[in-house]
Amino acid sequence: MSRAHCLNGGTMKTFKLLLSLALLQISLNTGANSTSLTFDLSHYYYDEPNFMNDESDPFFVSAGIKNWTPKIDPKNEVKFLYTLEGTSGSASYTSVSTGTLDKDYYKFRGEAYLGYGLGFLTPFIGLGYRWLYDDSGGQRSSTGAFSYDRKSEYVYLPIGAVLRLNKNVLVKGNVNYLLNGTQTSYLSDVPGFTDIENDQTSGWGTDITVDYALNEKFGMYLFSRYWDIDKSDTATGTFANVLIFQAFEPANTTTEYGIGFSYRF
């Protein structure tokens with residue numbers, strides 16, 4: 001039974017790049033009171049119309065680190081911002097053909113942005129990476145159908161801005177343009193099948209956060225995220241080394257919203 005909980009070479013390079021940039025920025029901003037630890041609860045809903053959907057049960061839990069407000073320096077208006085976040089939780093699967101199933105979800109999101117300070121407004125462009133693992137291999141649904149692990153990876157281009165409305169309220173919004181998506185289905189969790197990998201090249205998303213400072217150290221925030229991904233290419237697999245089959249990832253949407261708390265250091 002294959003449970004490849006790992007990143008492939010290309011996405012591992014993207015992950016290492018984002019992590020290295022974030023760690024560099026943390027070291028540069030020591031004492032600047034702008035880096036924040038985050039903790040949030042969110043509702044998650046993934047939908048493949050007329051096929052299936054996954055919904056958080058009851059919610060997902062995330063922890064991370066971010067810097068959207070680097071130290072003000074009139075001599076250098078170029079700003080480096082970032083977000084790193086890990087998520088886990090249980091999800092309820094519902095399918096029109098294979099019934100229901102409870103399973104575990106794991107997610108990582110890393111984004112690095114290059115911005116330019118214009119007073120209260122900082123427009124930015126960046127690079128993002130989203131990794132999601134659906135850990136359901138070895139289970140059976142309510143109708144007896146076999147389940148299998150799935151891995152989803154997005155590399156995307158976030159374009160947006162950070163807007164400071166006043167000393168307490170900050171709004172960050174961006175549109176995410178999918179550069180490359182890869183969906184790996186570990187069908188070998190089901191005896192006789194081979195794994196397949198589908199490429200996704202078309203899609204977009206949005207990400208909006210409203211951040212409110214309760215005091216100099218603590219804050220709270222509300223957020224909403226959305227993805228709209230088109231149908232993937234078609235991949236070929238085999239069953240029992242004899243039967244050849246083809247499969248694709250249907251067009252899908254993902255909706256997330258939640259509330260969180262932050263601590264500046």
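**Reading the aromatic pairs**

In this predicted model, the protein has one helix and 14 strands.

Me: Where should I begin with the interior, and what share of the residues is buried?

Reply: Of the 265 residues in the protein, 46% are buried, and residues 24 or more positions apart account for 66% of the contacts with a separation of 6 or more.

Me: How many aromatic pairs does a search of the whole structure find?

Reply: The search finds 15 aromatic pairs. One of them joins Trp131 and Tyr133, a tilted pair with 5.9 Å from centre to centre and 35 degrees between the planes. Trp131 counts as buried at 16% relative accessibility, and Tyr133 also counts as buried, at 0%.

Me: Why is the pair of Trp204 and Tyr226 called tilted?

Reply: Planes under 30 degrees apart count as stacked and those over 60 as edge-to-face, with the rest called tilted. The planes of Trp204 and Tyr226 stand at 55 degrees, with the ring centres 5.6 Å apart, so this pair is tilted. Because Trp204 lies in strand S10 (residues 203-213) and Tyr226 in strand S11 (residues 218-229), the pair ties together parts that are 22 residues apart in sequence.

Me: Are Trp204 and Tyr226 buried, exposed or partly exposed?

Reply: Trp204 is partly exposed, with a relative accessible area of 38%, and Tyr226 is partly exposed as well, at 25%.

Me: Which charged residue has its end over the ring of Trp68, 4.0 Å from the centre?

Reply: That residue is Lys66, whose charged end sits over the Trp68 ring, while Lys172 lies over the face of Trp68 at 4.9 Å from the ring centre.

Note on methods
Residues are numbered from 1 along each chain as its sequence is written. This is a predicted model: local features need pLDDT of at least 70, side-chain atom pairs count only at pLDDT 80 or more; totals for chains, interfaces and linings use all residues. Side-chain values use heavy atoms; hydrogens and water are left out. Helices (H or I, at least four residues) and strands (E, at least two) are DSSP runs, numbered from the N terminus. Buried means under 20% relative accessible area, exposed over 50%, partly exposed in between (1.4 Å probe, protein chains only). Contact means heavy atoms within 4.5 Å. Rings of Phe, Tyr and Trp (its six-membered ring) pair if their centres lie within 6.5 Å; planes under 30 degrees apart count as stacked, over 60 as edge-to-face and the rest as tilted. A charge sits over a ring if NZ of Lys or CZ of Arg is within 6 Å of the ring centre and within 35 degrees of the ring normal.
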